[in-house]
Each structure stands twice: as C-alpha cells, then as structure tokens.
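Please keep the sequence and the structure in view while reading.

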Amino acid sequence: MLERALEFLGLNPDFSEEDLKYRFYFLSKKYHPDTGEFSSDSLFKELIEYRDVLSDHLEQKTFKKTNISSTAPSSQSKTSKDAEYSLYKQAREIYDSAVHEYYKLTDGNPIFLKGEENPALRKLRHSLEISKSGFETLIASYPQSIWVADAKDTLHKIDVWFKAP
C-alpha cells in the first residue's frame, strides 16, 4: 500500500511533510470532481486515502526516530514525563486494540460474559490483563501523572469485562 501511495502521488521514499502537502495540493486540484479534470470522485477519494497512508507513515517514521534517539546511550536523561507517557500509551494501545478486536470478532453477536462460552472474550481478557498491568504500574510509579485519571477510569472499564454474569 505504501509503494502504491508513493507512486500515485509521485513521491520518493524519503519524502518530507512539505513534499506530501505540495503533491496533495497539486493533485487535489487535478482530481477534484467539481474543479478538476475528472468528473468522477474515485480518483480524489483514492488520493485522500493515499495521503492518509503516507501521513501515517511519516508519523511512524518520526516516532521511531524519536524513540531511537531517546534510547541512545548518549541520552540517558529521559524525563519521567516521557517514561510515564510511554507507559500510558502502551497500555492504552493494548486496551484499545483488544476491545476493537473483540467487537470486530463478535460482529453484532450477543455478548456472553462467561469465558468458557466465548473464545473471543477469553482472548480479550488476556490482552486486558496486560493492559491492566501497565495502567497499575503507571499509577504506582507516577501517582502525580496527568495520565493517572484516565488510567483509573480505564481500569474500571477493564473490570467490567471480568465480572461474573
């Protein structure tokens, strides 16, 4: 998908945010169904989808560079705010993806809160245990963190998935 997006927008793999904005602006004028060369909106929708793919790619690349540079031996002075946010973010991502995956797997089926009747629930609970551990570590290690309130709220939501019916 990334290669198709690069080819569609005519960008090199080492493109910058400015390159992406310029090419999107240029092509959006060309492909817009109201003002462009084409009356169909399919190319414009494809352009938007590819722009989002490339924008996400840039964010990931920036995030990786930031993490690599912050874990380099020369930068041992990682602030506690970075550490607490990293811990919060990891726990939150596990929670969000686990719940999303559960709803995707059950797709409108009734929710059974007995694990033996619901294999998707067993998988969800396993992931939520990991997330719960991360939130509890955050609360214990950084009680003054701005993320503690949301961590506590999420722990209450997690507890619902473990209550006996």
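## Ser28 in its helix

Ser28 has its place in helix H2, which covers residues 17–31; helices here are DSSP runs of H or I with at least four residues, strands are runs of E with at least two, and both are numbered from the N terminus. The model is a predicted one, in which local features need pLDDT of at least 70, side-chain atom pairs count only at pLDDT 80 or more, and totals for chains, interfaces and linings use all residues. Residues are numbered from 1 along each chain as its sequence is written, and side-chain values use heavy atoms, with hydrogens and water left out.

Ser28 has a relative accessible area of 13% and is therefore buried, a term for values under 20%, with exposed meaning over 50% and partly exposed in between (1.4 Å probe, protein chains only). When its neighbours within four places in sequence are left aside, Ser28 is in contact (heavy atoms within 4.5 Å) with Phe44 and Leu47.

## Ser131 and its surroundings

Ser131 belongs to helix H5, residues 119–141, and is buried because its relative accessible area is 0%. Apart from neighbours within four places in sequence, Ser131 is in contact with Ala91, Ile94, Tyr95 and Ile158. With Ala91, a polar atom of the Ser131 side chain lies 2.8 Å from the backbone oxygen.

## The chain as a whole

The chain has six helices and zero strands, and of its 165 residues, 26% are buried. Among contacts between residues at least 6 apart in sequence, 57% join residues at least 24 apart.

Terms used:
A polar contact is a pair of N or O atoms within 3.5 Å; within protein, one must be able to donate a hydrogen and the other to accept it, and residues adjacent in sequence count only if both atoms are side-chain atoms.
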